[in-house]
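Trainee: I have a new structure on my screen and would like to learn how to read it. Could you walk me through it, step by step?

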Amino acid sequence: MTVVTAERITTADQAVRIAAELAEAFAAGAVERDHSRRLPHEELDQLSASGLLAITVPAEFGGADLPPSVVAEVVRILAAADPNIAQVPHSHFVYLNLLRLAGTRAQRHDYFGKVLAGARVANAQSERGGATVADISTVLRLDHDTTVADAESSQDDVTGDAVSARIEARRFVVEGTKYYCTGSLFADVLAVLTRLDDPQGVSGLEPGEYVAFVPALEPGVRIVDDWDALGQRTTGSGTVEFAAVKVGCEQLVARASAVNAPTGYGAFAQLLHAAIDAGIARGALEAAAEFVRTRSRPWFEAEVANAADDPLVVQRFGELAVAVAAAESTLVVAGAAVDAAVRPRVEDGHSDAPGDGAQASIAVATAKILADRAANEVSAAIFEVGGTRSAAAEHRLDHFWRNARTHTLHDPVRWKYQHIGRAVLHNRPPPLHGVI
């Protein structure tokens with residue numbers, strides 16, 4: 001496990017302040033890390049030590065229990081400085097949310113405790129071979145050795161408690177290959193999306209999708225540093241292979257109760273993606289303004305001494321600033337909607353009324369569209385407002401566009417428009433899955 005002395009953050013103000021301090025430090029080396037593809041091991045250790053990775057741990061387990069809106073603001077601040085570092089803990093927060101929603105108390109106590117001590121969780125979710133991204137071929141199957149042991153012991157004790165104990169003691173095997181595993185090169189624990197096919201019911205578990213929490217150094221796990229995208233180059237998004245990796249029931253969390261119910265699970269995950277894009281947009285806008293103020297020459301027809309005084313350049317910056325402000329503002333609105341969806345509401349003296357997951361998903365879809373648009377527009381407009389010299393390789397301004405273009409490919413915003421339109425025209429809630 002990552003060895004750090006993690007601070008304990010207790011308030012939203014503290015989290016935002018620490019994020020801003022780290023962002024300033026991370027920004028200083030972001031361009032060089034991108035250029036040389038130097039993985040941010042030291043920076044992520046600082047992030048773990050800061051306590052920011054534990055801010056969603058529930059209060060009953062010793063955490064700050066900060067809401068999604070605060071997590072989104074922390075991610076946005078980090079992304080404005082280095083969106084690679086900001087993306088690494090995305091899955092970390094998402095799978096802690098899965099534990100909160102669907103894990104047993106023992107699982108939550110175990111993994112939340114590890115996170116409070118500085119551990120990092122990364123995803124091993126996506127695959128390449130299926131017809132769509134939703135097709136999962138990584139299998140979870142009962143280990144043969146435990147099946148034999150169960151068969152031998154079943155004749156001795158058939159009480160309900162004994163059967164439950166045998167099921168809990170069973171071991172399983174994970175087999176498969178995952179791609180685009182963001183943060184895997186820095187992880188202590190891998191959250192592996194698997195499929196259990198058990199038509200005969202011999203495993204004692206319901207068939208379906210399970211997330212297996214697997215130590216990154218477990219025998220049979222192989223993490224390959226092969227991520228070669230044009231942007232987000234230092235996110236540690238390698239390929240991970242699982243060859244007969246053994247796991248116990250205590251490492252398995254059924255995904256259905258979190259994903260196939262109006263829990264706000266998908267909205268929370270998407271909110272953080274929108275925060276990354278909004279952060280890229282803000283970082284690109286600030287870099288563009290600095291370049292125009294200090295390096296650009298004015299176009300001769302403007303008849304001004306400084307490029308920053310060209311009225312057409314001023315106009316364009318106004319347009320870009322509005323795009324960024326719109327993305328940031330809708331992110332705040334979406335954060336509030338997700339907060340309401342994932343936290344119980346108090347109604348008629350009861351504090352267990354569910355939030356509006358559909359409203360949260362639509363709000364986040366809106367924020368995601370505007371953040372996607374702002375990140376790609378502003379990062380491309382750097383060259384438009386900066387002039388020819390801004391394209392010189394020495395300035396390395398292309399990393400904003402490469403990061404924006406790469407990260408916004410995660411899931412298509414064209415489907416966000418579909419879900420928003422159906423909600424408006426037909427009052428139809430968006431589907432229940434992890435990306436809306």
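**Reading the fold step by step**

Mentor: Of the 436 residues of the protein, 52% count as buried. Keep in mind as we go that this is a predicted model.

Trainee: What does the radius of gyration tell me about the protein?

Mentor: The idea is to compare the value with the one for a compact globule of 436 residues, which would be near 22 Å. The protein has 23 Å, so the two agree. For the outline along the principal axes, the C-alpha atoms fill a box of roughly 95 × 55 × 45 Å.

Trainee: Is α3 largely enclosed or open?

Mentor: Eleven of its 14 residues are buried, so α3 is largely enclosed by the rest of the structure. Among the buried ones are P68, V70, V71, R76 and A81.

Trainee: Which elements do the buried residues of α3 pack against?

Mentor: They pack against α1 (12-36), α2 (41-50), α4 (83-87), α5 (90-102), α10 (265-294) and α11 (311-342).

Trainee: Now a single residue. Is T406 buried or exposed?

Mentor: Buried means under 20% relative accessible area. T406 has 14% relative accessibility, so T406 counts as buried. You can find T406 in helix α13, residues 398-407. Leaving aside neighbours within four places in sequence, T406 is in contact with W227, A229, L230, G231 and Q232.

Trainee: What about H407?

Mentor: H407 also has its place in helix α13. With a relative accessible area of 3%, H407 is buried. Not counting residues up to four places away in sequence, H407 touches Q87, Q232, H273, I276 and D277. Notice that Q232 is in the contact list of T406 and in that of H407.

Trainee: Where does R428 lie, and how accessible is it?

Mentor: R428 lies in the segment after α14 (414-426), and at 43% relative accessibility R428 counts as partly exposed. Its contacts, not counting residues up to four places away in sequence, are R422 and A423.

Trainee: How do I compare distance in sequence with distance in space?

Mentor: Pick a pair and look at both values. R428 and A360 are 68 residues apart in sequence and 14 Å apart in space, C-alpha to C-alpha. For another pair, R17 and P40 are 23 residues apart along the chain, with their C-alpha atoms separated by 21 Å. R17 sits in helix α1 and, at 43% relative accessibility, counts as partly exposed.

How values were computed. Residues numbered from 1 in each chain as written. Predicted model: local features only at pLDDT ≥ 70, side-chain atom pairs only at ≥ 80, totals over all residues. Heavy atoms only, no water. Rg over C-alpha atoms; globule rule 2.2 N^0.38 Å. Buried < 20%, exposed > 50% of the residue type's maximum accessible area, 1.4 Å probe, protein only. Helix = DSSP H or I, 4+ residues; strand = E, 2+ residues; numbered from the N terminus. Contact = heavy atoms within 4.5 Å.
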